[in-house]
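Work through the exercises below with the sequence and structure at hand. Each task is followed by a solution in steps.

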Amino acid sequence: MKKSFGILIAVILLTIGGCADSTGRSKGIYMLLDTSGTYSNELKGAQAIINYLLGTLEPGDSFGIAKIDSASFSDKDIIAKMTFDGRPSVTNKQKRLFKQRVDSFVASVKKGSAHTDITGGILQASEYLDETGAGRKYILLFSDLEEDIKKGHVRNFPIDVSGCNVVALNVTKLRSDNLDPREYFDRVDKWRKRVEEGGGNWRLMNDLNRLDGLLHG
Amino acid sequence: MSFTQVFNIFPGSPLLSGMMVLVLAVVLFYLARTPAHKAIHSLSRLLQDCFRMMADSVLHVEERFEKRNKEVMLTAGAEAAERMIDREFQRVEAVVKRDLNGFPSLHRSLTDLVTRIDEDYRESAQVPQPSPDWVQAVDSLAQLESKGDKWPTNIMAEMHKTAVSQHKRTMEEYRHSVGSRHALLDKMRPHWQRVSQTLDQVGKTVKGLHERASILDKHMSEYEDIRKKTDKATRRLASSAMTQFCISAIVLVIAIGGAMINFNLIALPMSEMVGGGSYIGNFKTSDIAALVIILVELAMGLYLLESLRITRLFPLIGQMDDKMRVRMIWVTFSILLILASVESALAFMRDRIAADMQALRQTLAQAESPEAVNSWIPTIGQMVMGFILPFALTFVAIPLESFVQSSRTVIGAVTAAALRGVAFVLRLLADVTKYAGDFLVNLYDLLPFPLLRIEHWLRERRQMADVDQPDEMMINEGV
């Protein structure tokens, strides 16, 4: 009787372990923080979004934060990246550590970068998300979407963001946008086209009080 | 050639064409009337017969179903009655063993008491005082003639003195003997009381047995009704099955509520063991693991109650020899105890994880964490619930058995009612088809009605001619 019960338990555990799918439903988020020029002053808003996301993400999800500076296609720009453990208690510890790193980064930013390499950041994000094997992939662009490539860097080629949801957050209006609003719309439209041509879904979310819908879609 | 062109017999004159078509249609309908009527009647009869046959088949199935239901219900009822009677006999046996087993000693004790009382009674019997022997001598002296002598007076005086003293002594003896009798009777009182108590005890036992006997009589008469397959027994069993079905369904719903609470207690901490990010199909692995634990607990509960012979869902367990059954009881109880302890630990872990998550959320929201009041009370409460609920869920086996058994009868009754409903609808359709055929025939006759009218008129004329002709013939013959 005990032997057969043991076999039953073993079969159940093997079935559970064998059929379990740990990546298909997990979320992968990569957030790019623009640190160029005056936009670096907006980082407090980014911190609130990161805190919201840390509260929302579940065990098994992946989260990465990187800055957008003059040359963003680099691992050095990654501020923090983690795939949360399956155990909730470990996940909570990881989230605390993550928050700590983000807080110290925000406190360390004094001066904005000279150039803005958004394309490089997106390529880095796409690469990271592919590696995580997450079922739902999000690239969050916390930027004014004004790209300013350093001389010698090549970024004018199609980007591959297939299967990714690219969400532009807090796209602030520049001084020049106020003179001619079409510049703002053209800028946003340009990025929408690039993302959609690269196989991704584009969304714009400027109201940071409506973060509930951030990871939907 | 289009459809309208076919009917355009006279081009340029649609009215004339229409009228021509109408006339042609009337003629055609008139000529084809008899075969058309036959066709409509045949079709309606065919459909009517089909529906009737289907209704008969359904009714036949319903009849068989009803019979089977009745058999199932009566068998289950007979089995239940047998169990009840068996149980009553066991009770009677227990009463007989407990109370009447000591009846010989009780009888002996009663006999001893009665003998002792009898002896005492005999001893206490009043013995009449012997009359004095000298009374006759007094009578003789009294009859002597007195001739002035004093001696008789003296003798009488002496005798009086003797009589008084003897009377005094006799009274003393009498009082003494009455006193000793009263003492004997006083000694008898506890014996009488004991006899009375013993008889009361016997009376109670006999009364209890009498009550059991009347209950047994009732069960036996019900059992006989079931064996005779009477309508009364069928109705009573159907009503009883419906009541059992409803009550057990309510209890099962309550048990499902308990299982859900149990599930919520262990689902979160299970993610610590099997991981919170993996899925099986559309469900979290931790949720499925928690559900499996609860289901294993339910299964163990079923086996435990089955081994205790409280339920009879698995005949194999009930048929096991007693040694094996006792082993099974201990094994299932041990597994239940281990699972209950695991659940209690998981409930504790759940409280810790929930508190940690709450603290993290507050840190992320950068809010002040409120002071926890009596934080151990919910923890202990959850642990106790985690321990108690698996045992409480064990008893689901009892309503489950009632539900399974009564559902056979109830589902059978509902299916029979549904079949009766289907048969009614089919019979209705058969009648509708029949009258629809008649209606179509009448509808058909609407178009060729002018020719039909003419035909009717001609037939009437012919009939009238046939009626007039014999009169004329009779007149001619008379002439």
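**Exercise 1.** Classify Cys246(B) in this predicted model as buried, partly exposed or exposed.

Solution. Step 1: the relative accessibility of Cys246(B) is 39%. Step 2: buried means under 20% and exposed means over 50%, with partly exposed in between. Step 3: Cys246(B) is therefore partly exposed.

**Exercise 2.** Classify Cys164(A) in the same way, then state how many disulfides are counted over all chains.

Solution. Step 1: Cys164(A) has a relative accessible area of 1%, so this cysteine is buried. Step 2: a disulfide requires two cysteine sulfur atoms within 2.5 Å. Step 3: by that rule, the count over all chains is zero.

**Exercise 3.** Locate Ser271(B), decide whether this serine is buried or exposed, and list the residues it touches, leaving out those up to four places away in sequence.

Solution. Step 1: Ser271(B) lies in helix H7 of chain B, which spans residues 231-274. Step 2: its relative accessibility is 5%, so Ser271(B) counts as buried. Step 3: with that exclusion, Ser271(B) touches Gly86(A), Arg87(A) and Pro88(A) in chain A, and Gly276(B) and Ser286(B) in chain B.

**Exercise 4.** Which residues make the nonpolar surface patch of about 930 Å², and which elements give two or more residues to it?

Solution. Step 1: the patch is made by Val326(B), Trp330(B), Phe333(B), Leu337(B), Phe348(B), Trp376(B), Ile380(B), Val384(B), Phe387(B) and Ile388(B). Step 2: helix H10 (322-364) and helix H11 (376-394) of chain B each give two or more of them. Step 3: take Leu337(B), one of the patch residues, which is found in helix H10 of chain B. Step 4: Leu337(B) has 35% relative accessibility and so counts as partly exposed.

Note on methods: Residues are numbered from 1 along each chain as its sequence is written. Chains are lettered from A and ligands numbered from 1 in the order in which they are written. This is a predicted model: local features need pLDDT of at least 70, side-chain atom pairs count only at pLDDT 80 or more; totals for chains, interfaces and linings use all residues. Side-chain values use heavy atoms; hydrogens and water are left out. Patches are made of residues with over 30% relative accessible area and no salt bridge: like charges are joined within 9 Å, nonpolar side chains (Val, Leu, Ile, Met, Phe, Trp, Tyr) within 5 Å. Accessible areas come from the Shrake-Rupley method with a 1.4 Å probe; for residues, only the protein chains shown count as cover. A salt bridge is a side-chain nitrogen of Lys or Arg within 4 Å of a carboxyl oxygen of Asp or Glu. Buried means under 20% relative accessible area, exposed over 50%, partly exposed in between (1.4 Å probe, protein chains only). Contact means heavy atoms within 4.5 Å.
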